[in-house]
Amino acid sequence: MSAITKVYMVRHVQAMGNVRRVFQGHTDEEVSPLGQEQLSGLQKYFKEIPLDKVYCSPLIRTTRTAKAVAGESPVPVIAEDGLIEIYAGELENRPWTELEQAYPEQMRHWGPSYHLFCPPGGESFAQVYERAVHTMTRLMQANQGQTIAVATHGGFMRAFMTYVHYRNIEKMSVSDWYKNASVTLFTYDHEKDQF
């Protein structure tokens with residue numbers, strides 16, 4: 001068996017929370033009209049890519065994304081709680097325009113020091129980082145030598161890709177944000193513990 005696992009990490013298509021410009025977190029809304037078009041684009045993109053499994057966060061926007069990735073193939077689509085977005089506590093479903101004034105202490109970390117961001121009553125980015133590393137490591141180990149797709153969220157992706165590139169949570173502020181419906185491909189060598 002190959003010691004290489006190939007992972008297509010997909011950020012969910014645009015949801016209505018993106019359109020309304022709110023901190024979505026666990027807020028569960030349908031995809032937007034643009035998101036519907038992005039679903040079609042993802043289905044076409046993955047049509048000729050053989051996948052062994054597709055995993056997704058249990059929210060509507062990621063479940064719909066995962067089903068588009070799987071397309072008409074018989075590949076299983078598996079909901080995985082560990083792939084869910086950061087839980088934003090009191091910031092859930094609040095407009096971004098209100099947050100800096102309403103939560104200045106928390107929002108001063110949004111950007112320059114994401115690793116210190118912790119919304120009241122919610123989940124810190126440090127916790128998301130640990131959860132992302134744990135969840136993705138488990139999925140890659142369970143699918144050694146295979147090709148999988150993972151439909152997840154912007155915050156989760158930023159946390160995990162910080163680990164992939166730096167293995168240092170403090171580098172989260174220099175990591176990228178990933179656009180809706182973006183596809184990021186990486187491989188993991190189990191023997192070398194190397195991306």
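Buried means under 20% relative accessible area, exposed means over 50%, and partly exposed is in between (1.4 Å probe, protein chains only). This is a predicted model, where local features need pLDDT of at least 70, side-chain atom pairs count only at pLDDT 80 or more, and totals for chains, interfaces and linings use all residues. Residues are numbered from 1 along each chain as its sequence is written, and side-chain values use heavy atoms, with hydrogens and water left out.

**View A. His153 sits in the loop between β4 and α7.** With 0% relative accessibility, His153 counts as buried. Its side chain makes a polar contact with the side chain of Ser57, at 2.8 Å. (For a polar contact, a pair of N or O atoms lies within 3.5 Å; within protein, one must be able to donate a hydrogen and the other to accept it, and residues adjacent in sequence count only if both atoms are side-chain atoms.) Helices (H or I, at least four residues) and strands (E, at least two) are DSSP runs, numbered from the N terminus.

**View B. Here's Phe160 and its neighbours.** Leaving aside residues up to four places away in sequence, Phe160 touches Met9, Ala132, Val133, Met136, Met140, Phe186 and Phe195. Contact here means heavy atoms within 4.5 Å.

**View C. Arg21 is in the loop between α1 (16–20) and α2 (33–46).** Its phi is near 55°, a positive value in a residue other than glycine. Arg21 is exposed, with a relative accessible area of 56%.

**View D. Arg167 turns up in the loop between α7 and β5.** Phi of Arg167 is near 50°, again positive in a residue other than glycine. Arg167 is partly exposed, at 35% relative accessible area.
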